[in-house]
Amino acid sequence: MWEYIVRRVVTEGEYIAAHGATVRAAAAHFNISKSTVHKDVTERLAEIDRGLYDEVKAVLLKNLSERHLRGGLATKCKYERIKGGPAEQ
């Protein structure tokens, strides 16, 4: 694997593990596509650094289990903004 890819994969993995970031947030931070980040941290990272991969996998599983809550809260806030009521953030 190319050296710059290895560095990118490890950097993305460290960012997700340190910040508890979603794939979308990591993609925005590094200005690359979500599919690239997802492939990097789910496939390539396992070959490069197994310990970091396990940390990232735990964060991604947590994000997966919470995504329906974040989506519901975002919808609630959207409609409260439309009505002009107070929105929770």
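## Ground rules

Since the model is predicted, local features need pLDDT of at least 70 and side-chain atom pairs count only at pLDDT 80 or more, while totals for chains, interfaces and linings use all residues. Residues are numbered from 1 along each chain as its sequence is written, and side-chain values use heavy atoms, with hydrogens and water left out.

## Overall fold

You're looking at a protein with four helices and zero strands, in the order α-α-α-α along the sequence. Helices here are DSSP runs (H or I, at least four residues), strands are E runs of at least two, and both are numbered from the N terminus.

As for dimensions, the C-alpha trace spans about 55 × 25 × 20 Å along its principal axes. The radius of gyration is 16 Å, whereas a compact globule of 89 residues would come in near 12 Å. That radius is taken over C-alpha atoms, and the globule rule is 2.2 Å times the number of residues to the power 0.38.

## Surface and charge

Buried residues account for 26% of the 89; buried means under 20% relative accessible area, exposed over 50%, and partly exposed in between (1.4 Å probe, protein chains only).

## The core

The largest nonpolar core has 16 residues, and Ile 16, Ala 26, Val 37, Val 41, Leu 45, Val 56 and Leu 60 touch the most other members. Two or more residues each come from α1 (3–19), α2 (23–30), α3 (34–48) and α4 (50–83), with α4 giving the largest share, five residues. Such a core is a set of buried Ala, Val, Leu, Ile, Met, Phe, Trp, Tyr and Cys residues joined through side-chain atoms within 4.5 Å.

Take Val 41: leaving aside residues up to four places away in sequence, Val 41 touches Glu 12, Gly 13, Ile 16, Tyr 53, Val 56 and Leu 60. A contact means heavy atoms within 4.5 Å. Of the protein's contacts with a separation of 6 or more, 52% are between residues 24 or more positions apart.

## A loop residue to look at

Asn 31 sits in the loop between α2 and α3. Asn 31 isn't a glycine, yet has a positive phi of about 55 degrees. Most residues other than glycine have a negative phi. Asn 31 counts as exposed because its relative accessibility is 70%.
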